[in-house]
Protein chains: 2
Amino acid sequence: MATTTDSCDRNDVYAAMCPCRDMLDLLASKWSALVIGALEDGPRRFGQLRLRLEGVSPKVLSQTLKRLEDRELITRTAYAEVPLRVEYELTELGAGAAVPLKHLRDWVESNAA
Amino acid sequence: MATTTDSCDRNDVYAAMCPCRDMLDLLASKWSALVIGALEDGPRRFGQLRLRLEGVSPKVLSQTLKRLEDRELITRTAYAEVPLRVEYELTELGAGAAVPLKHLRDWVESNAA
DNA sequence: TCCGACAGTACCCGATAGGAACCAGCGTGC
DNA sequence: GCACGCTGGTTCCTATCGGGTACTGTCGGA
């Protein structure tokens, strides 16, 4: 059971003050699981992600990528080429998160609707 | 069966029209993973869930439970007792979803912050 | 000169999350 | 009778988020 102290001495997603709650919120948000999955096979560009994640608007995709980058789950690399090329790639941490997220997507595809 | 074939003949979370996208959105929302995890060990009452999920407001908990019930991931049973007792319990489908969600929570607890 | 590709940003709007307060039914104490 | 507490919520209001459309800026090509 959750030992509810006012701080978080061990990681417990059920504890309100635990930083891992933030991580769960991020991973468990609408597009994150799809973005991370789309990057499993290697780096992808903004436009490629946009096509792969059917229905995502550029704004939301941009926000999602920024949050994932802030959390160090992905890296963003801009190449000063013409036309501009920007690549997003999973970090080691992101690749770790991709594993349980893939299980979740697989379960959903097997059991939804 | 996924052979309804209007727009989504196979389950693919990356397809915009696929009903499994809705399921992913539901599971990958802020409180769902925690609610389902809290019900893994058996039925729980509203107040128990409220304590277990530190920081959840009754409104949001109520909404989350309703959506999970609509999707048949949990059942709600009200007993005409004094005081009123309401129990939430995982369905078979919900218990299935609990497995990948537990992996996700475990990963988060092992890797966050 | 205009067009399109690329990687976003700006603006506006509706939906959702969040907090605080409030409600209803029932039993108990006064 | 009346307040009180327990339980399981609902309602109000606001802040944030997600979402759609339009637009920017740079460049190469027709």
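Tutor: Buried area is the accessible area, taken with a 1.4 Å probe, that two parts lose on being put together, summed over both. The model is predicted, and in it chain A and chain B bury about 3900 Å² between them, 64% of it on carbon and sulfur atoms. In chain A, A:Tyr14, A:Trp107 and A:Glu109 lose the most area to chain B, together 20% of what that side buries.

Student: What makes the pair B:Lys30 and A:Asp25 a salt bridge?

Tutor: The term requires a side-chain nitrogen of Lys or Arg within 4 Å of a carboxyl oxygen of Asp or Glu. The N to O distance between the side chains of B:Lys30 and A:Asp25 is 2.3 Å, so the pair qualifies. The count between the two chains is two salt bridges.

Student: Which residues are the closest to DNA strand D, and how many surround it?

Tutor: 22 residues surround DNA strand D, and the closest are A:Lys30, A:Trp31, A:Lys59, B:Ser62 and B:Arg76.

Student: Why is the approach of B:Ser62 to a phosphate oxygen of DNA strand D called a polar contact?

Tutor: The cut-off for a pair of N or O atoms is 3.5 Å. A polar side-chain atom of B:Ser62 lies 2.7 Å from the phosphate oxygen, and the pair therefore meets the cut-off. At B:Leu84, a polar backbone atom is 3.0 Å from a sugar or linking oxygen of DNA strand D, so the term applies there also.

Definitions and conventions:
Residues are numbered from 1 along each chain as its sequence is written. Chains are lettered from A and ligands numbered from 1 in the order in which they are written. This is a predicted model: local features need pLDDT of at least 70, side-chain atom pairs count only at pLDDT 80 or more; totals for chains, interfaces and linings use all residues. Side-chain values use heavy atoms; hydrogens and water are left out. A residue is near a molecule or strand if one of its heavy atoms lies within 4 Å of it. A polar contact is a pair of N or O atoms within 3.5 Å; within protein, one must be able to donate a hydrogen and the other to accept it, and residues adjacent in sequence count only if both atoms are side-chain atoms.
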